[in-house]
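Student: I would like to learn how to read a structure. Could we go through one together?
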Amino acid sequence: MSGTTPAASSADLMVDLIISLDGYASAEGWPGWWGLEGPEYLAWLGQEGEKGYTFLFGANTYRLMSSMSEDAAAGGSGFSDDEGASLTGLAAVPKVVFSSTLQAPLTWPNSKLVTGDAVEAVTEMKRNGTGPLSTLGSLSLCRSLLAAGLVDRFRVVVFPVITGRTGRERIYDGYPDVSLEMVGSRTFDGRLQMLEYVPTVLSGPPGSSTT
């Protein structure tokens, strides 16, 4: 499987996460990407952004990413050239934001606000075949979509850090039991490990009468 990533179908939904080895999404006092993003990984992010995904956001991630994208576009933000290009490029891609607190119109270009139930909305998007879908951060949204059985691919990029003392946003708390079939893997910059799976939500341990 090394180095492979099969293409998604037109209606596939991917949950796409970055994690520390101990399962955190971020850590207090650490920079973004734990300071370990490299040119190979950033180039891959740029390539992924050109695959026609519609990105799905919760409100908190939308606020964070839209602010970072605007700062990068303004220049002088401290981002590297590759980081800035990755962030500003998000303005051009279609985005759907699920929130009951944000108000339309959203200021980040190509962003659509959905105030209703996210599971119902994504189910309809998949039914209509609106194109490949991918989450970006948005941990609560990812959890809800996975629990509802809507996720076709589950992809994580594991960063080689353990943030037991400073880690924030535990990713897997509240998840159902899930079996994972690996369908792709890749190493970036000799230190970041991408793992891609087809998930199956379980109602009980494998082999039990409730599976």
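Student: Which residues of helix α1 are buried?
Tutor: Keep in mind that this is a predicted model. Helix α1 covers residues 39–48, and its buried residues are Tyr41, Leu42, Trp44 and Glu48. Seen down the axis of α1, these residues fall within an arc of 155°, so they line one face of the helix.

Student: What is the order of the strands in the open sheet of 8 strands?
Tutor: Strands of a sheet pair through backbone hydrogen bonds, either parallel or antiparallel. Here the order is β5-β4-β3-β6-β1-β7-β10-β9, and the pairing is mixed.

Student: Which strands stand at the edges?
Tutor: The edge strands are β5 (111–114) and β9; each has a single partner strand, so one side of each is left without a neighbour in the sheet. Direction ignored, neighbouring strands of this sheet are turned by 25° against each other on average.

Student: Do β4 and β5 run parallel or antiparallel?
Tutor: Strand β4 (residues 95–98) and β5 run parallel, joined by 4 bridges. Val96 stands opposite Lys112 in β5.

Student: How many bridges join β9 to β10?
Tutor: There are 10 bridges between β9 (residues 178–188) and β10 (residues 192–201), and these two strands run antiparallel. Val178, for instance, has Val201 in β10 as its bridge partner. The hairpin of β9 and β10 has 3 residues between the strands, and Asp189 in this hairpin takes a positive phi near 55°.

Student: Which strands does α4 lie across?
Tutor: Helix α4 lies across β1 (13–20), β3 (54–58), β4, β5 and β6 (133–135), and runs at about 155° to β4.

Student: At roughly what angle do the axes of α4 and α5 cross?
Tutor: The axes of α4 (residues 118–128) and α5 (residues 139–147) cross at roughly 65° and come within 10 Å. The crossing is right-handed. In the contact, Ala118, Val119 and Val122 in α4 meet Leu141, Ser144 and Leu145 in α5. By type, the residues of this contact divide into 5 nonpolar, 1 polar and no charged.

Student: Is Leu146 buried or exposed?
Tutor: The cut-off for buried is under 20% relative accessible area. Leu146 has 3% relative accessibility, so this residue counts as buried. Leu146 lies in helix α5.

Student: Which residues does Leu146 touch, not counting those up to four places away in sequence?
Tutor: Leu146 touches Val151, Phe154, Tyr175, Val178, Pro199 and Val201. Leu146 and Met14 are 132 residues apart along the chain, while their C-alpha atoms are separated by 9.7 Å.

Terms used: Residues numbered from 1 in each chain as written. Predicted model: local features only at pLDDT ≥ 70, side-chain atom pairs only at ≥ 80, totals over all residues. Heavy atoms only, no water. Buried < 20%, exposed > 50% of the residue type's maximum accessible area, 1.4 Å probe, protein only. Arc of directions from axis to C-beta. Axes fitted to C-alpha atoms, helices over the stretch in contact; angles between N-to-C directions. Left-handed = near helix turned anticlockwise from the far one by under 90°. Contact = heavy atoms within 4.5 Å. Nonpolar A, V, L, I, M, F, W, Y, C, P; charged D, E, K, R; others polar. Pairing = 2+ DSSP bridges.
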